[in-house]
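Please look through the sequence and the model shown here before reading on. The paragraphs that follow go from the confidence of the prediction to the packing of helices and the arrangement of a sheet.

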Amino acid sequence: MGVPKLMVVKIGSSTLVDEHGALDRGFIRSLCDQVSSLVAGGTRVVVVSSGAAAAGRDVLGFSERPSDIATLQACASAGQAHLTQAYADVLAERGIPCGQVLLTRRDVMDRDAFLNARSTLLRLLELGAVPVVNENDTVSTAEFAFGDNDMLGALVAALVGAELYVICSDVEGLYTANPQEDPTATLIERVSEVDHHLSEIAGGAGTSFGTGGMSSKLRAARAMLAAGIPTVICRGRREGVLLEVASGALVGTRFEAPLGSPHEGGRKLWIGLAEVPRGTIVLDEGATRAVLERGASILPVGVVSSSGGYAVGDVVNVCADSGDIIGRGITRYSSDDMSRVRGIKLDVIARFLGEDRAQPAVHRDDLLVF
């Protein structure tokens, strides 16, 4: 296991701020010291940083996290400049330029925009800069729904083709149970597959300064397993943690697919990570096995239920009958039509609706399987 040539590091709000909710500039200095060492050793680094809203709360005088979106966005606006400048000042002392990149889901939902964002990030890296990426919270509510930028970091890792994704949190990693409630809980050091059991023990709420919990980190790690990008969840304030992880040391919880596992390509990763699902289809047991074990398309006959309002070409979540999300894909039916054709074989659909209407519900080429 060699040192990664390109890694994405996501820093959560609860790791970035002190006990009063203000930016911890001492920690940012320590973090930038590690980034500088990585860059000097030949590793290019992208930092995905939460903390703008938390920094803005300090600037605007809020002692607690506001509950309304408008005030949250105002805090993000006030805090974003402070956050980026904190990184830029320290990196500049080490001769490393810093580039700010603000993204919204809308910026990457369009395929061309997705490729443009990738070109910008890669060019910054080529020029020796460290991109600092954040959700553009002043115009988007996405971060407050997706959980403290964990999925944004996964999206960026897939976008730039990272060799390692590190989620720096305020916990050591994924445990067998909630360690705050169960003293017998132990750290899970390696994960090769995210199953229903892991999802159940992932926990829920984050801290007062962040928006994500372990469940959002687990979803991001699961997406990275599909991408073939190793992911580590670790305590961000552990001394030298980035250098340890980059060297291959077993720190926190490492998610990595077995050697030789198939990896999904860029287009499918874009479908699964960049697009916002507009609905959900649930498969019966036979269809679930066909998708997971044989790489099959999803036929209408295997769909047992549909929810949400979606159109042809929208992305939908694909769930097993247990409720577990097994993938995301582009649907070839609207939600109204899916309600009509679910459970029906293609030859019957062709007979009543015409040959051109008898299609897979989701074709394998348009399906990202987690």
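**Confidence, helix pairs and a sheet**

The protein chain has an average pLDDT of 86, and 92% of its residues score at least 70; these scores belong to a predicted model. Among the elements of the chain, strand β1, which covers residues 6-11, has the highest mean pLDDT, at 97, whereas helix α7, covering residues 142-146, has the lowest, at 42. Where pLDDT is low, the predicted coordinates should not be read in detail.

Helix α3 (residues 52-60) packs against helix α4 (residues 69-93) at an angle of about 95 degrees, and their axes are 6 Å apart. Because angles from 65 to 115 degrees count as roughly perpendicular, α3 is described as roughly perpendicular to α4. On the side of α3 the contact is made by Ala52, Ala53, Ala55, Gly56, Arg57, Val59 and Leu60, while the residues that α4 contributes include Leu72, Cys75, Gly79, His82 and Leu83. Sorted by class, the contact of α3 with α4 has 11 nonpolar residues, four polar and one charged.

A second pair is formed by helix α8 (residues 150-160) and helix α10 (residues 214-227), which pack at an angle of about 15 degrees with their axes 8 Å apart. This angle makes α8 roughly parallel to α10, and the crossing of the two helices is right-handed. The contact involves Asp150, Met151, Ala154, Ala157 and Ala158 of α8, together with residues of α10, among them Ser216, Lys217, Arg219 and Met224. The residues of this contact of α8 with α10 divide into seven nonpolar, one polar and three charged.

The chain also holds an open sheet of five strands, arranged in the order β10-β9-β11-β12-β13 with mixed pairing. Its edge strands, each pairing on one side only, are β10 (303-307) and β13 (367-369), and from one strand to the next the twist averages 25 degrees. Within the sheet, strand β9 (residues 279-283) and strand β11 (residues 315-319) are paired in the parallel sense over four bridges, and Val282 stands opposite Cys319 in β11. Helix α13 (residues 285-294) packs on this sheet, where it touches β9, β12 (325-330) and β13, and the direction of α13 makes about 100 degrees with that of β9.

Conventions: Residues numbered from 1 in each chain as written. Predicted model: local features only at pLDDT ≥ 70, side-chain atom pairs only at ≥ 80, totals over all residues. Heavy atoms only, no water. Axes fitted to C-alpha atoms, helices over the stretch in contact; angles between N-to-C directions. Parallel < 35°, antiparallel > 145°, perpendicular 65-115°, else oblique. Left-handed = near helix turned anticlockwise from the far one by under 90°. Contact = heavy atoms within 4.5 Å. Nonpolar A, V, L, I, M, F, W, Y, C, P; charged D, E, K, R; others polar. Pairing = 2+ DSSP bridges. pLDDT = per-residue confidence, 0-100.
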